[in-house]
Each structure stands twice: as C-alpha cells, then as structure tokens.
Amino acid sequence: MSQCPICKRPTNPEYRPFCCRRCADVDLGRWFNGDYRVPSFRLEDEETEIESKTSPTHLDPDDSIR
C-alpha cells in the first residue's frame with residue numbers, strides 16, 4: 001500500500017495519492033504558494049533575447065566598419 005506524500009499515512013483511493021481531503025488541499029496550497037516547481041529549459045529572458053537578435057538595430061560584429 002502506498003503512503004500519502006504529505007503525512008505518510010496509507011492512501012485512500014478516493015483522494016489518491018493522498019489519504020484525505022486535507023492532505024490534498026495542503027498539497028494544492030503548496031503548488032499555489034510556489035513551494036513546488038517544474039523545471040524548465042526555457043530561458044528567463046527568451047523574449048528579450050529574440051527581440052535583440054531580430055531588432056533592426058542589432059549589429060553583427062563582422063559587419064562593423066574598419
């Protein structure tokens with residue numbers, strides 16, 4: 001039998017993977033508070049980086065005047 005990830009008591013099929021409604025709500029509250037995170041491979045400033053590369057003012061060092 002599996003354990004509730006919150007309180008470690010046996011799980012209840014009605015609230016699986018938790019043992020009761022309270023533990024399910026505790027887990028949901030942790031998600032809402034940002035205690036849990038899903039890893040992402042997206043860059044934080046991805047939009048800024050794309051704009052800087054596609055901006056008409058972007059200068060390529062190889063195109064500089066010598």
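Figure 1. Thr-11 is buried, with a relative accessible area of 13%, where buried means under 20% relative accessible area, exposed means over 50%, and partly exposed covers the values in between, using a 1.4 Å probe and protein chains only. This is a predicted model, in which local features need pLDDT of at least 70 and side-chain atom pairs count only at pLDDT 80 or more, while totals for chains, interfaces and linings use all residues. Residues are numbered from 1 along each chain as its sequence is written, and side-chain values use heavy atoms, with hydrogens and water left out. Thr-11 belongs to the segment before H1; helices are DSSP runs of H or I with at least four residues, strands are runs of E with at least two, and both are numbered from the N terminus. Leaving aside residues up to four places away in sequence, Thr-11 touches Ser-2, Gln-3, Cys-4, Pro-17, Phe-18 and Cys-19, a contact being heavy atoms within 4.5 Å.

**Figure 2. Asn-12 and a polar contact with the backbone.** Asn-12 is also placed in the segment before H1, and with a relative accessible area of 27% Asn-12 is partly exposed. A polar atom of the Asn-12 side chain lies 3.0 Å from the backbone nitrogen of Glu-14. When residues up to four places away in sequence are not counted, Asn-12 touches Phe-18 and Cys-19. Asn-12 and Ser-2 are 10 residues apart along the chain, and their C-alpha atoms are separated by 9.2 Å.

Figure 3. Lys-8, in the segment before H1, has a phi near 70°, which is a positive value in a residue other than glycine. Pro-17 is found in the segment before H1 as well, and the peptide bond leading from Arg-16 to Pro-17 is cis, with omega near 10°.

**Figure 4. Cysteine sulfurs without a disulfide.** How many disulfides does a search of the whole structure find? The search finds zero, a disulfide being defined here as a pair of cysteine sulfur atoms within 2.5 Å. In general, a disulfide is a covalent bond between the sulfur atoms of two cysteines. The sulfur of Cys-4 has its closest cysteine sulfur in Cys-23, at 3.8 Å, and this is too far for a bond. Cys-4 is buried, with a relative accessible area of 0%. Cys-7 is likewise in no disulfide, and the nearest cysteine sulfur, that of Cys-19, is 3.4 Å away. Cys-7 is partly exposed, with a relative accessible area of 30%.

**Figure 5. Asp-27, a buried acidic residue in helix H1.** Asp-27 is found in helix H1, which spans residues 21–32. Which side chain of opposite charge is nearest to Asp-27? That side chain is Arg-30, at 5.6 Å, and Asp-27 is buried yet has no salt bridge; for charge, Lys and Arg count as positive and Asp and Glu as negative, whereas His and the chain ends are not counted. A salt bridge requires a side-chain nitrogen of Lys or Arg within 4 Å of a carboxyl oxygen of Asp or Glu. The side chains of Asp-27 and Tyr-36 are joined by a polar contact of 3.0 Å, meaning a pair of N or O atoms within 3.5 Å, of which, within protein, one must be able to donate a hydrogen and the other to accept it, with residues adjacent in sequence counting only if both atoms are side-chain atoms. Tyr-36 is also among the residues that Asp-27 touches, together with Ile-6 and Phe-18, when residues up to four places away in sequence are not counted.

**Figure 6. The salt bridge between Asp-25 and Arg-21.** A search of the whole structure finds one salt bridge. Asp-25 forms a salt bridge with Arg-21, and the closest N and O atoms are 3.5 Å apart. Because Asp-25 and Arg-21 are four residues apart in helix H1, about one helical turn separates them. Asp-25 is partly exposed, with a relative accessible area of 37%, whereas Arg-21 counts as exposed at 52% relative accessibility.

**Figure 7. Ala-24 in helix H1.** Ala-24 lies in helix H1 and counts as buried at 18% relative accessibility. Ala-24 and Pro-5 are 19 residues apart in sequence, and their C-alpha atoms are 9.4 Å apart in space.
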